[in-house]
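Please look over the sequence and the structure below before reading on, and keep them in view while you follow the report.

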Amino acid sequence: MSGGVVDIGYVELFAASALMLVAGLVSWKLELGQTRRIAVSSVRCFVQLLAAGFLLTYLFEFQTWWLVGLVLAGMVIAATQIATSRVKNRIPGLVPSVFVSLLVSSTAIGFIVVEGVIHADPWFNARQVVPIVGMIMGNAMSSVAVAIDRLFSDMDARANEMFSLVALGASPGEAAAPSLKAAIGAGMTPVLANMSAAGIVTFPGMMTGQLLAGADPVAAAKYQIVVMLMLSAANTVAIVMASYLTYRKRFSPDGYYLDKGLRG
Amino acid sequence: MPLFSVEHLSVSYSRDGQAVPLLNDVGLELEAGSVYDLVGPSGAGKSTLLRACALMMERSSGELYLDGVPSSSFKPSEWRRRVCLVPQQASLVAGTVRDNLRLPWTLKVNAGERPPADEALARMLALAELADVELGRDVSQLSGGQAARVALLRAFATRPPVMLLDEVDAALDDESACAIGRLTKALVDERTTCLRIRHRAADGFASGSFELRDGRLAYADAAIAADGASCAEGFDPADYAALQDLASERPAAVGEGERP
């Protein structure tokens, strides 16, 4: 497969970064206040991706199951950190819940795909495991952040309604049910929208990559279908887990909602 | 034995990380068949007291009893099914009036019980002077006062033995507030009691009032003065015979109910 890839020279690579200069110059001239962010993001993208390239080269050559496991663990930790930092609400015990949700959803679905659909050889082959799990986790991470944020702002907005429900004898789960529904729906929207637009509006990243690498378009399409289905499956698992693991944290042990006045 | 009693209740809340006492060793007893008022200056902790009675607030100390049975031997949701707090803010769920009145029967705590029939619900609406509100009307089309009364009826329909009303008549005009007073009185029978926070002039239905001030509670029997007690004038419980339809909604008596 790698035979079809056009290798970009380092001269061309640095030349491409001149494109970033345009964005930087515009921001600086118009005093948009984004110059620093543009610079930092560009450098991060540059450094992180190149480092990942070298790391994967090493990993592909000397892979063992525990080394692959170590890389996956590092990815889950980073994804947890990024997802939780995007959540604006302050929620106690959010990190462990998000960690577990991302770990379970990404590794379970990832390995089902790698072993059952792609038939990796050896079973922990980093060339398949790392990009597949990474793709799943990147998606799940964004969706979890959206879902959790929505869950807690929706519960705050429904604080009075939930108070009435609990006063009538509702359990926390019953009181929170509409918010859980809304949050899970909100988290699933992007991936479902992507699935509907795929092939018409957008060519998803992975298919694009394979086409650029010279793969047969139908083979690339089949691969992409598998990827999108697994993304939506993993997304659902991650969002549902994260929502159900966290909503109870805003209820007291006696089952009433801790509205803003009670959080102390 | 009082139907509902509170002993040595203390509640504090945290402000800037420090515990500030709000209620200090408060006790009260509510007899079956009576309505009580809870009065006191704003910020004295009246709503907090009701919340604590419904297990919706952390207590620093104190025990609550329903028919002599301590709250600790109930599941919190089972307790709230029986000691029902109706908050000041009427919050109805999206849907029709019928959806809202039947909402309590969608909860696990009432599993296995049948919601009241439409006729019973309609009669209840009429008693709350909401006869012109159809069960199928969407709640977004109700006025504030109508919504407040529907929220109140939703709690009444489950026939809780103890009703805690947090200024439910605040949003109502005088006539509607009187209607709520009459309905409350009619619902309070030999197996029911009611404690209500009110800021209006006495309506003649309360047999006593508790005054909360500086974290302490003082009780006074209702004055037998007839001043302004006009709501009670001409009140005849027989007019509310339709409420008998709801008698079957009572939760199982204490002792028969589900206990953990």
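## Confidence in the model

The structure is a predicted model, and it scores ipTM 0.88 and pTM 0.83. For chain B the mean pLDDT is 85, with 91% of its residues reaching 70 or more. Residues 255–260 of chain B should be read with care, as their pLDDT is below 50, although this stretch has seven contacts in the model beyond near neighbours in sequence.

## Where the two chains meet

Chain A brings 16 residues to the contact, while chain B brings 22 residues. On the side of chain A that touches chain B, helix H7 (residues 159–167) of chain A gives the most, with six residues. Sorted by class, that side of chain A consists of six nonpolar, seven polar and three charged residues.

## A pair of helices in chain A

Helix H8 (residues 172–197) of chain A and helix H10 (residues 217–246) of chain A have axes that come within 10 Å of each other and cross at roughly 165°. Because angles over 145 degrees count as roughly antiparallel, H8(A) is roughly antiparallel to H10(A). The crossing in which H8(A) passes H10(A) is right-handed.

Several residues of each helix take part in this contact: on H8(A) they include A:Leu180, A:Ala183, A:Ile184 and A:Gly187, and on H10(A) they include A:Met228, A:Leu231, A:Ser232 and A:Asn235. Taken by class, the contact between H8(A) and H10(A) has 11 nonpolar and five polar residues, and no charged residues.

Technical notes: Residues are numbered from 1 along each chain as its sequence is written. Chains are lettered from A and ligands numbered from 1 in the order in which they are written. This is a predicted model: local features need pLDDT of at least 70, side-chain atom pairs count only at pLDDT 80 or more; totals for chains, interfaces and linings use all residues. Two residues are in contact if their C-beta atoms, placed from the backbone, lie within 7 Å. Helices (H or I, at least four residues) and strands (E, at least two) are DSSP runs, numbered from the N terminus. Ala, Val, Leu, Ile, Met, Phe, Trp, Tyr, Cys and Pro count as nonpolar, Asp, Glu, Lys and Arg as charged, and the others, Gly among them, as polar. Axes are lines fitted to C-alpha atoms, for helices over the stretch in contact, and angles run from 0 to 180 degrees between N-to-C directions. Angles under 35 degrees count as roughly parallel, over 145 as roughly antiparallel, 65 to 115 as roughly perpendicular and the rest as oblique. A crossing is left-handed if the near helix is turned anticlockwise from the far one by less than a right angle, and right-handed if clockwise. pLDDT is the predictor's confidence in each residue, from 0 to 100.
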